[in-house]
Amino acid sequence: MKIIQVTNTYKDDVLQIVESCVPEGFVIRTLPENTEKALLDCISDADYVLASGRVKINAAVLGQAEKLKMIQRTGVGLDSLDLPELQRRGIPLYVNTGVNSNSVAEHTVLLMLACLRRLPEISGNTKSGKWIKQAQGIKTRELGNCTVGVIGMGNIGRKVVGLLKPFGTKAYYYAPYRLSEEMETELGVTYLSCDELFGTVDIITMHCPLTAQTMEMVNRRTLSLAKDGIIVINTARGRLVNEGDLLTALQSNKVSFAGLDVFETEPPKNTKLLEHEHVIATPHIAGVTYDSFYQMMHDAMRNIKLFDEGKLQVIEQYQLKV
């Protein structure tokens, strides 16, 4: 039996879904805990790695992986992988492009609406017996009357723009590689520079990979360019946002609300940010629904099986694009 080493601690119902997708002739093995030591202790006899992104796959891990043939990511993010070391060792890497884009896009719009409609605050008031109608209602806004700035125009960014269309929302975007005029027209988006984007929109939403260029794109300087009361949404990577600068902007009301699914450290340690009444937080769950998780595992296991049979083209996906 060939071993697929999972870099996560899947249990119970989650593990059942994963096991249901394992092809014949393979066995999966999960980690006892999400640490580098746990991965180092069991990686030596693994034929394949199913990388969830929770534990870093670095030079030390790869040095122990004596039988490793290929790495399959459960999703698309590559910031947990030592890409130069993978390339040096010639280890093929596959990603599940677009597999959870619908889920992330839906969650993004959910966070936008929850912030605009002050959902946690109003739900809490109502459940505690405070029936306040107009006084609460006039503090909320409609998505259709807002402008949204999307940073990154890959699969998820485009899905978000598509979901915004029925609301009548005007969408702008920034990405290092500008779309063609035809694609911009088809999507209904307008390109702006990064600084122009921050200075124009009511809501900023992050949909780009974490790189040296994108790290802490949301910071004191870029937020200073924004309208008073801007909303910040992040369902991509935590370190795209400087959490200290965001908290300061929330405290001064420069940022009216933040909808955060990802954090600098996970679980997050910035308790002051989490405790702020205008922060809506979820546990890196934007890309995880039953539908997306099953498809993610199904596609990943299919790739591993096809690769093992020599039926999958060898590719090296080391280049990141926004």
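Arg-118 sits in the loop between helix 5 and helix 6, residues 119–127. This is a predicted model, so keep that in mind throughout. Phi of Arg-118 is near 50 degrees, and that is a positive value in a residue other than glycine. Is Arg-118 buried or exposed? Buried, with a relative accessible area of 18%. The cut-off for buried is under 20%, so Arg-118 falls inside it.

There is another residue of this kind. Glu-216 has phi near 55 degrees, again positive and again not a glycine. Look for Glu-216 in the loop between strand 9, residues 203–206, and helix 11, residues 220–224. Glu-216 counts as partly exposed, at 28% relative accessibility.

One more backbone point. Glu-266 and Pro-267 are joined by a cis peptide bond, with omega about -5 degrees. Pro-267 lies in the loop between strand 11 and helix 13, which covers 271–275.

And one more loop. Gly-129 is in the loop between helix 6 and helix 7, residues 134–137. Gly-129 is exposed, with a relative accessible area of 60%. Now take Gly-162. In sequence, Gly-129 and Gly-162 are 33 residues apart. In space, their C-alpha atoms are 38 Å apart.

On to the sheets. Strands of a sheet pair through backbone hydrogen bonds, either parallel or antiparallel.

Gly-149 has Tyr-172 as its bridge partner in strand 7. Tyr-172 has a further contact to note. The charged end of Lys-170 sits over the ring of Tyr-172, 5.4 Å from the ring centre.

Helix 8 is residues 155–164. Which residues of helix 8 are buried? Gly-157, Val-160, Val-161 and Leu-164 are. They span an arc of only 100 degrees around the axis, so they are on the same side of helix 8. An α-helix has 3.6 residues a turn, so residues three or four places apart point the same way. What covers this buried set in helix 8? The cover includes helix 5 (101–116), strand 6, strand 7, helix 9 (181–187) and strand 8.

Last topic: the aromatics. A ring pair is described by the distance of the centres and the angle of the planes. The model has seven aromatic pairs.

Start with Tyr-48 and Phe-307. The ring centres of Tyr-48 and Phe-307 are 6.1 Å apart and the planes are at 85 degrees, so this pair is edge-to-face. Tyr-48 is in strand 3, residues 48–51, and Phe-307 is in helix 14, residues 290–308. The pair therefore ties together parts 259 residues apart in sequence. Both Tyr-48 and Phe-307 are buried. Ring pairs also link these two with Phe-26 and Tyr-94 into a cluster.

Then Tyr-290 and Tyr-294. Their ring centres are 6.5 Å apart, with planes at 15 degrees, so this pair is stacked. Both lie in helix 14, four residues apart, about one turn of the helix. How exposed are they? Tyr-290 counts as exposed, at 57% relative accessibility. Tyr-294 is partly exposed, at 32%.

That's the tour.

Methods. Residues are numbered from 1 along each chain as its sequence is written. This is a predicted model: local features need pLDDT of at least 70, side-chain atom pairs count only at pLDDT 80 or more; totals for chains, interfaces and linings use all residues. Side-chain values use heavy atoms; hydrogens and water are left out. Two strands pair if DSSP finds at least two bridges between them. Helices (H or I, at least four residues) and strands (E, at least two) are DSSP runs, numbered from the N terminus. Rings of Phe, Tyr and Trp (its six-membered ring) pair if their centres lie within 6.5 Å; planes under 30 degrees apart count as stacked, over 60 as edge-to-face and the rest as tilted. Buried means under 20% relative accessible area, exposed over 50%, partly exposed in between (1.4 Å probe, protein chains only). A charge sits over a ring if NZ of Lys or CZ of Arg is within 6 Å of the ring centre and within 35 degrees of the ring normal. The arc is that of the directions from the helix axis to the C-beta atoms. Contact means heavy atoms within 4.5 Å.
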